Amino acid sequence: MAGIYLHIPFCKKRCIYCDFFSTTRSEQKTAYIRALCRELTDREAYLEGEHIETIYLGGGTPSQLAKEDFEAIFSHIYKVYKVIPDAEITLEANPDDLTPEYISMLRTFPFNRISMGIQTFQDSTLKLLQRRHTAEQAIRAFQNCRTAGFRNISIDLMYGLPGETLASWKEDLKQALALHPEHISAYHLIYEEGTTLWQLREQHKLEEADEDLSVSLFGTLIDSLTAAGYEHYEISNFCLPGFHSRHNSSYWTEKKYLGCGPSAHSYNGTSRQWNVASLNEYIRGISNGNPTFEVEELDLYTRYNDFVITHIRTQWGMPLPKLRKQYGEELYKYCLRMATPHLQQGTLEIKNDTLKLTRKGVFISDGIMSDMLWVE
C-alpha cells in the first residue's frame, strides 16, 4: 500500500508564519493543474504498481481549487493508479472557503476527510497572523461540513502564539473539544527565518513564548485531549479511537509515497526525491518533459536515522526486533547504548520489545531522538 500527496501551492494571501512553498499568483492555476496531471501520469512507475490507500491534497490552500480542477485531478489519479475502495482522501481547507455551496461541491468527489486550518479561536490573534477567517466562521464551517455528511474532520491548532496565555489556550481547547472533531493536530508556533513573523520578532514588535509557558501549554494540551478520550498517537497529533491520519502515519511507518507539485517530496524505500520549489520552473520542466528535482539515495545509516525519527515520535514506538533485523547488530547495540541514559531517567521505556517515549519524554523528544541518531 502507498500514498499520494499533491501540493496545491495557491493562497489568497500568505500567513505571517508560513514557510511552506506557496504563491498568490492564481492566474497560473490552469497551467499548474495541467502540469500536475501530467506529472501524475509520467510518474506512474514510481510506486511500482502498489495500491493507493491514501490521497492527500495539501498546500498552500487546496480549498482554492474549483470543481473543474478536482475533476481533472481525480480523473487522472483513478485512470493511472489503483485506488482501494476505502482509501482515505483528505482535503486541507481554510474555514472561510467552506461555504455550504463549496462543501456540497466537494461531496461530489471522493473526499472523505477534511483537515481544517483553524489555528486559534482568538479573533485578535487570527487578525495578527493574517488568517482570512474569524472564530465564528471556523465554527460555522465545521458545522457545515458535519451537516453535509463529513464524519472525519481534523482541525489544526497552534500554541505559543504572540500574547497567548494559559487561560486563552484553555479557551481554545474548550472550543475545539466542543466541536468534537475526530482528529486534532496541534503545533507550537515556529519563527521560521525569512517569514514576516521572524522579522517582527527581530524588530522587537513581537515576543516569543518562553520555555516555561511553552511546556505548560503542551502539558495542558495533552491533559485536556486525553481526558476527553483522544489518543495522543504522535507528538503533535491526537485522534478519537480509529481516526488517526492514515496518510501522515504512512510517513512514520516507512510506506512509500508519491509527492507531486512544486517542493513535494517522494519516498520509494531506497531514496527520497523532491521537486523544485518554484512554480514557473515546475510547470516549465513538466511541460517540456524535463522535470527539475533532486534525489537522495539512502544508505544504511541514513535509513537508520529515519527509522529512529519516524518511529520514536509515535505511540507505536520503535520495534526493536525490526531494528535489529533491518539495520544489523552494530546499529541495534548503538541505539540501545544511546537510549540507556534516557531509559534510566524515565524518558524512554521498553515494553513488549518496543522502545517508546514516556509522558516525561514527550516533552524533550527532539533531544532524545537526536541522541540516538548515528553521527559519523
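Biologist: Which residues of helix H10 (residues 279-287) are buried?

Modeller: Some ground rules before the answer. This is a predicted model, in which local features need pLDDT of at least 70, side-chain atom pairs count only at pLDDT 80 or more, and totals for chains, interfaces and linings use all residues. Residues are numbered from 1 along each chain as its sequence is written, and side-chain values use heavy atoms, with hydrogens and water left out.

Helices (H or I, at least four residues) and strands (E, at least two) are DSSP runs, numbered from the N terminus. Buried means under 20% relative accessible area, exposed over 50%, partly exposed in between (1.4 Å probe, protein chains only). An α-helix has 3.6 residues a turn, so residues three or four places apart point the same way. In H10, the buried residues are Leu279, Tyr282, Ile283, Gly285 and Ile286.

Biologist: What do the buried residues of H10 pack against?

Modeller: Helix H1 (29-42) and strand S11 (271-275). Contact means heavy atoms within 4.5 Å.

Biologist: Which residue caps the N-terminal end of H10?

Modeller: Ser278 does, with a side-chain oxygen 3.2 Å from the backbone nitrogen of Glu281. Just after H10, Gly289 has a positive phi of about 75°.

Biologist: Is Gln28 buried or exposed?

Modeller: Gln28 is buried, at 13% relative accessible area. Gln28 sits in the loop between strand S1 (2-8) and H1. Setting aside neighbours within four places in sequence, Gln28 is in contact with Phe10, Leu279, Asn280 and Ile283.

Biologist: How is the protein chain divided into domains?

Modeller: Domain bounds come from an automatic or database domain assignment. Here they give domain 1 (2-252) and domain 2 (300-372). Their C-alpha centres lie 29 Å apart. Across the two, 14 residues of domain 1 are in contact with 11 residues of domain 2.

Biologist: Where does the second largest pocket lie?

Modeller: Rolling a probe the size of a water molecule over the atoms shows where empty space is left. On a 1 Å grid over the protein atoms alone, a pocket is an open set of points where a 1.4 Å probe fits, with protein on both sides within 12 Å along at least five of seven lines; lining residues have an atom within 4 Å of a point. Domain 1 and domain 2 both give residues to the lining of the second largest pocket, so this pocket lies between them.

Biologist: Which residues are closest to its centre?

Modeller: Of the 14 lining residues, His232, Gln315, Leu357, Thr358 and Val362 are closest to the centre of the second largest pocket. S7 gives the most to its lining, with 3 residues.

Terms used:
A polar contact is a pair of N or O atoms within 3.5 Å; within protein, one must be able to donate a hydrogen and the other to accept it, and residues adjacent in sequence count only if both atoms are side-chain atoms.
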